[in-house]
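Look at the fold below. Start with the strands, then move on to the helices.

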Amino acid sequence: MLDMFTPTAAPINPLRPSTPTASNGARRYEGPERRAATSVAWRWLAATLDELDYGLVLLAEGGRIVHVNHAARAELDENHPLQLIGHRLQARHAVDAAQLHEALRGAATRGLRKLLTLGEGTRRASLSVVPLVGPMADCAATLVILNKRQSCESLSVAAYAKGHDLTPAETRILVALCKGDGPAEIAKEVGVAISTVRTQIGSIRTKTGAESIRALLQQISLLPPLRGVLRQVGSTSAGCWPTQAEQAFFAA
């Protein structure tokens with residue numbers, strides 16, 4: 001039985017079958033032009049994954065990491081219950097190791113999806129383990145999806161505020177509401193009367209068409225991600241994609 005923590009001899013390329021053949025049974029051309037096209041396709045895929053505001057870790061058969069997107073590199077810090085060790089995704093604490101191992105094994109061998117909660121106290125984090133099965137049986141991979149630390153990216157909130165002509169003061173109020181602060185907390189933090197905060201919230205609701213603070217936050221939670229062009233490079237990547245591990249995986 002496959003062990004997700006034991007690397008396979010040769011990873012499978014999920015973008016193409018391991019024995020490529022044309023419809024007439026002849027072996028398909030696999031020259032430099034096709035390999036270049038595959039490389040370009042992977043660059044597009046990697047760039048797409050980096051634009052998402054959910055942390056994503058793509059694992060090949062055998063549990064070897066193929067790609068860690070930008071959000072995951074930011075999430076997987078020293079406080080997260082998951083950690084990257086070499087080309088492996090592992091639980092930071094022994095108490096979580098068996099649960100993670102079984103979830104990854106179940107995805108790889110039985111196609112099972114699972115939602116896990118790891119860690120303790122304020123460092124608890126949830127993740128989804130999702131099997132990815134390609135058109136052929138040997139094109140399987142596993143996607144680990146991390147939970148978000150905030151409901152919406154700050155740039156998305158800023159763009160939303162600008163699109164609705166919110167003033168800088170109203171934008172600060174909106175950001176604080178998204179963090180879960182109430183009017184009294186915001187007034188104390190900003191240094192104004194609570195009546196001023198309530199007036200600004202009323203103005204925000206008028207400009208955005210939200211009937212209540214709850215409806216406003218619902219709008220914000222549904223915004224698509226808007227990521228910055230300049231991003232901090234995490235310790236798990238050299239900041240240039242595809243990485244060597246990704247190139248080796250997709251060239252296999």
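Which residue in E2 is the bridge partner of Leu 59? The partner is Ile 65. Keep in mind that this model is predicted.

**The sheet**

Strands E1 and E2 pair in the antiparallel sense, over three bridges. The pair is part of an open sheet of five strands. The order is E2-E1-E7-E6-E5, and the pairing is antiparallel. Strands E2 and E5 are the edge strands: each pairs on one side only. On average, neighbouring strands of this sheet are turned by 20° against each other, direction ignored. In general, strands of a sheet pair through backbone hydrogen bonds.

Helix H3 packs on this sheet. H3 touches E1, E5, E6 and E7. The direction of H3 makes about 165° with that of E5.

| Element | Residues |
|---|---|
| Strand E1 | 56-59 |
| Strand E2 | 65-68 |
| Strand E5 | 114-118 |
| Strand E6 | 125-132 |
| Strand E7 | 141-146 |

**Helix H6**

Now turn to H6, residues 183-190. Which residues are buried here? They are Pro 183, Ile 186 and Ala 187. These residues lie on the same side of H6, because they cover an arc of only 100° around the axis. An α-helix has 3.6 residues a turn, so residues three or four places apart point the same way.

What covers the buried residues of H6? The cover includes helix H5 (168-178) and helix H7 (194-208). The face turned away from the buried side carries the exposed residues Ala 184, Lys 188 and Glu 189. After H6 comes Gly 191, with a positive phi near 85°.

Methods
Residues numbered from 1 in each chain as written. Predicted model: local features only at pLDDT ≥ 70, side-chain atom pairs only at ≥ 80, totals over all residues. Heavy atoms only, no water. Pairing = 2+ DSSP bridges. Helix = DSSP H or I, 4+ residues; strand = E, 2+ residues; numbered from the N terminus. Axes fitted to C-alpha atoms, helices over the stretch in contact; angles between N-to-C directions. Contact = heavy atoms within 4.5 Å. Buried < 20%, exposed > 50% of the residue type's maximum accessible area, 1.4 Å probe, protein only. Arc of directions from axis to C-beta.
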